[in-house]
Amino acid sequence: MKKNRLTTVFMNGILNENPTFRLLLGMCPTLAITKAASSGLGMGLATTFVLVFSNLVVSLLRNIIPEKVRIPSFVVVIATFVTIIDLMIKAFLPALSSTLGIYIPLIVVNCIIFARAESFASKNPVLPSVADGLGMGLGFTLALVMLSSVREIIGTGKWFDMQVMPANYEPMAIATSPSGGFIFLGLLLLVVNATIQYVARRKAEKEEEIV
């Protein structure tokens, strides 16, 4: 039962409550850094790191942190791990650090992370909290990679800086423009949510047939 619950919590962040496609959280980095798949992957993994470890610490301290200083305490915990990942990226991936710029430090105010600390980690044991952070983080990463891949391929003809479109392909500059971020995010929201609803409907129909 415990293993099943951890799996459910983990998958919830990827599918049913995907931060980008289902909850529409963290829109600022989603729209700003998804011009290239490598940037989307980097931002997603950095956010996942912060989500997992901030959820871990908040869950461990949930019975110790006084109610009156709950929110400031969460901010301190989150800021600590953001600082760690920011310094690590600057040290080992300077090119990625230059590309992401201010958006790495701004993870501190990413509503996805604070929402999970407040609504889940502060109310649940360590393992479910870590599973929740991992699921939400990977769900966010998946969404960023999907959006940035579409924008990079259509806007430049490349994917992870590798040429994937024919040599005579004419890139659509709008795909990598700010307005293109809104357009392609909207299209992906339509496709993803329609697919999820279709799968849920088919599953319900099969269960009715069995009954």
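Reader: Where does Ala37 lie?
Author: Ala37 sits in helix α3. Helices are DSSP runs of H or I with at least four residues, strands are E runs of at least two, and both are numbered from the N terminus.

Reader: What kind of model is this?
Author: This is a predicted model: local features need pLDDT of at least 70, side-chain atom pairs count only at pLDDT 80 or more, and totals for chains, interfaces and linings use all residues. Residues are numbered from 1 along each chain as its sequence is written, and side-chain values use heavy atoms, with hydrogens and water left out.

Reader: Back to Ala37. Buried or exposed?
Author: Ala37 counts as buried, at 0% relative accessibility. Buried means under 20% relative accessible area, exposed means over 50%, and partly exposed is in between (1.4 Å probe, protein chains only).

Reader: How many Å separate the C-alpha atoms of Ala37 and Lys68?
Author: They are separated by 41 Å. Along the chain, the two residues are 31 residues apart.

Reader: Now the helices. At what angle do α3 and α7 pack?
Author: About 170°, with the axes 8 Å apart. Helix α3 covers residues 37–60, and helix α7 covers residues 126–156. The axes are lines fitted to C-alpha atoms, for helices over the stretch in contact, and angles run from 0 to 180 degrees between N-to-C directions.

Reader: Why give both an angle and a distance?
Author: Two packed helices are described by the angle between their axes and the distance between the axes.

Reader: So which way do α3 and α7 run, parallel or antiparallel?
Author: α3 and α7 are therefore roughly antiparallel to each other. Angles under 35 degrees count as roughly parallel, over 145 as roughly antiparallel, 65 to 115 as roughly perpendicular and the rest as oblique.

Reader: Is their crossing left-handed or right-handed?
Author: The crossing of α3 and α7 is right-handed. A crossing is right-handed if the near helix is turned clockwise from the far one by less than a right angle, and left-handed if anticlockwise.

Reader: What residues make the contact of α3 with α7?
Author: They divide into 16 nonpolar, twelve polar and two charged. Ala, Val, Leu, Ile, Met, Phe, Trp, Tyr, Cys and Pro count as nonpolar, Asp, Glu, Lys and Arg as charged, and the others, Gly among them, as polar.

Reader: And how do α3 and α6 pack?
Author: At an angle of about 20°, with their axes 9 Å apart. That makes α3 roughly parallel to α6. The crossing of α3 and α6 is right-handed.

Reader: New topic. How many aromatic pairs are there?
Author: Five aromatic pairs. Rings of Phe, Tyr and Trp (its six-membered ring) pair if their centres lie within 6.5 Å; planes under 30 degrees apart count as stacked, over 60 as edge-to-face and the rest as tilted.

Reader: What about Phe49 and Phe81?
Author: Their ring centres are 6.4 Å apart and their planes are at 70°, so the pair is edge-to-face. Phe49 lies in helix α3 and Phe81 in helix α4 (residues 70–92), so the pair ties together parts that are 32 residues apart in sequence. Phe81 counts as buried, at 12% relative accessibility.

Reader: Which residues do ring pairs link into a cluster?
Author: Phe49, Phe53 and Phe81.

Reader: How many residues has the largest nonpolar core?
Author: That core has 25 residues. Met43, Val50, Ile104 and Ile107 have the most contacts inside it. A nonpolar core is a set of buried Ala, Val, Leu, Ile, Met, Phe, Trp, Tyr and Cys residues joined through side-chain atoms within 4.5 Å.

Reader: Which elements give two or more residues to it?
Author: α3, α4, α5 (94–100), α6 (111–119) and α7 do. Helix α4 gives the most, with seven residues.

Reader: Last one. Where is Thr20?
Author: Thr20 is in the loop between α1 and α2. Thr20 is buried, with a relative accessible area of 1%. The C-alpha atoms of Thr20 and Gln197 are separated by 16 Å, and the two are 177 residues apart along the chain.
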